[in-house]
Amino acid sequence: QACLKNDRRAQMEIYDRYYHAMYNTAVRIVKDPATAEDVLQESFLSAFIKLETFKGEVTFGAWLKRIVINNSIYEYRKQQKLQQVPLESVLYKVEDYDGAEAGQGSTKRMAQKVLETLGQLKDSYRVSLTLHLIEGYDYEEISEIMNISYGNCRTMISRAKKSLKNKLTTSAI
């Protein structure tokens with residue numbers, strides 16, 4: 001409610017609360033930290049400008065994530081049209097959790113390896129798997145976001161999973 005009244009403090013609190021998760025979502029799609037930052041700024045700006053359209057049918061975080069994903073995919077497609085290549089590849093970082101137990105070290109390394117390998121997949125596979133496995137979107141939502149048919153979406157995700165599994169198996173040998 002305070003954000004609707006352009007309360008800068010409330011907007012900053014929302015930004016602080018959602019920044020990290022939304023940044024991770026953006027960087028997984030656009031594969032460039034600087035571009036992800038730009039996408040994030042545009043997404044928060046859009047969210048605050050269009051806040052009156054938020055109807056509360058989903059959580060605010062889910063609504064904001066959809067904006068971030070749409071802006072990330074738009075930016076990614078724009079980069080592809082311009083054939084821009086990021087100067088450096090992004091290694092995804094699994095967050096450190098407070099009070100991590102000893103057994104979680106190997107789990108974190110495994111998760112890190114999966115995310116790094118995910119980044120090596122061809123772009124359509126990487127984006128579709130990120131949306132499905134990490135962001136939790138179903139096939140219908142992904143097909144709408146990526147502007148592909150439902151059948152193509154299921155096939156792409158199936159092939160992406162197979163490719164990821166093959167790369168992980170190959171690198172483990």
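Predicted model: local features only at pLDDT ≥ 70, side-chain atom pairs only at ≥ 80, totals over all residues.
Is Ser43 buried or exposed? That was my starting point today. I looked up its relative accessibility and got 0%, so Ser43 counts as buried.

**Entry 1: around Ser43**

I placed Ser43 in helix H2. Then I skipped its neighbours within four places in sequence and listed what else Ser43 is in contact with: Leu64, Ile67, Val68 and Asn71.

I checked the confidence before going on. The mean pLDDT of the protein is 81, and 84% of the residues reach 70 or more. Among the elements, helix H2 (residues 33-49) comes out highest with a mean of 92, while helix H4 (residues 104-120) is lowest with 78. I also marked residues 84-102, where the pLDDT is below 50. In the model this stretch still has 26 contacts beyond near neighbours in sequence. I'll read those with care.

**Entry 2: H1 against H5**

Next I looked at a pair of helices. Helix H1 covers residues 8-30 and helix H5 covers residues 123-134, and the two pack with their axes 8 Å apart. The angle between them is about 155°. The cut-off for roughly antiparallel is over 145 degrees, so H1 and H5 are roughly antiparallel to each other.

Which residues meet there? From H1 I wrote down Arg28, Ile29 and Val30, and from H5 Arg126, Val127, Thr130, Leu131 and Ile134. I sorted the residues of this contact by type and got five nonpolar, one polar and two charged.

**Entry 3: salt bridges**

A reminder from class: side chains of opposite charge can pair when their charged atoms come close. How many salt bridges does a search of the whole structure find? It finds seven. I went through some of them.

Arg28 sits in helix H1 and Glu135 in the loop between H5 and helix H6 (139-146), so to speak distant parts of the chain, 107 residues apart. Both Arg28 and Glu135 are buried. I also found that Arg28 and Glu135 belong to a network of salt bridges together with Lys65.

Then I turned to Asp123 and Lys31, whose side chains meet in a salt bridge at 3.8 Å, N to O. Asp123 is in helix H5 and Lys31 in the loop between H1 and H2, and this pair links parts 92 residues apart. Asp123 has a relative accessible area of 24%, so I noted it as partly exposed. Lys31 is also at 24% and counts as partly exposed.

My last pair was Glu144 with Arg66, where the closest N and O atoms of the salt bridge are 3.3 Å apart. Glu144 lies in helix H6 and Arg66 in helix H3 (residues 60-82), so this bridge ties together parts 78 residues apart in sequence. Glu144 counts as exposed because its relative accessibility is 58%. Arg66, at 23%, counts as partly exposed.

**Entry 4: another serine**

Where is Ser143? I found it in helix H6. Leaving out neighbours within four places in sequence, I listed Ile148, Ser149, Tyr150 and Cys153 as the residues in contact with Ser143.

Note on methods. Residues numbered from 1 in each chain as written. Heavy atoms only, no water. pLDDT = per-residue confidence, 0-100. Helix = DSSP H or I, 4+ residues; strand = E, 2+ residues; numbered from the N terminus. Contact = heavy atoms within 4.5 Å. Buried < 20%, exposed > 50% of the residue type's maximum accessible area, 1.4 Å probe, protein only. Axes fitted to C-alpha atoms, helices over the stretch in contact; angles between N-to-C directions. Parallel < 35°, antiparallel > 145°, perpendicular 65-115°, else oblique. Nonpolar A, V, L, I, M, F, W, Y, C, P; charged D, E, K, R; others polar. Salt bridge = Lys/Arg side-chain N within 4 Å of Asp/Glu carboxyl O.
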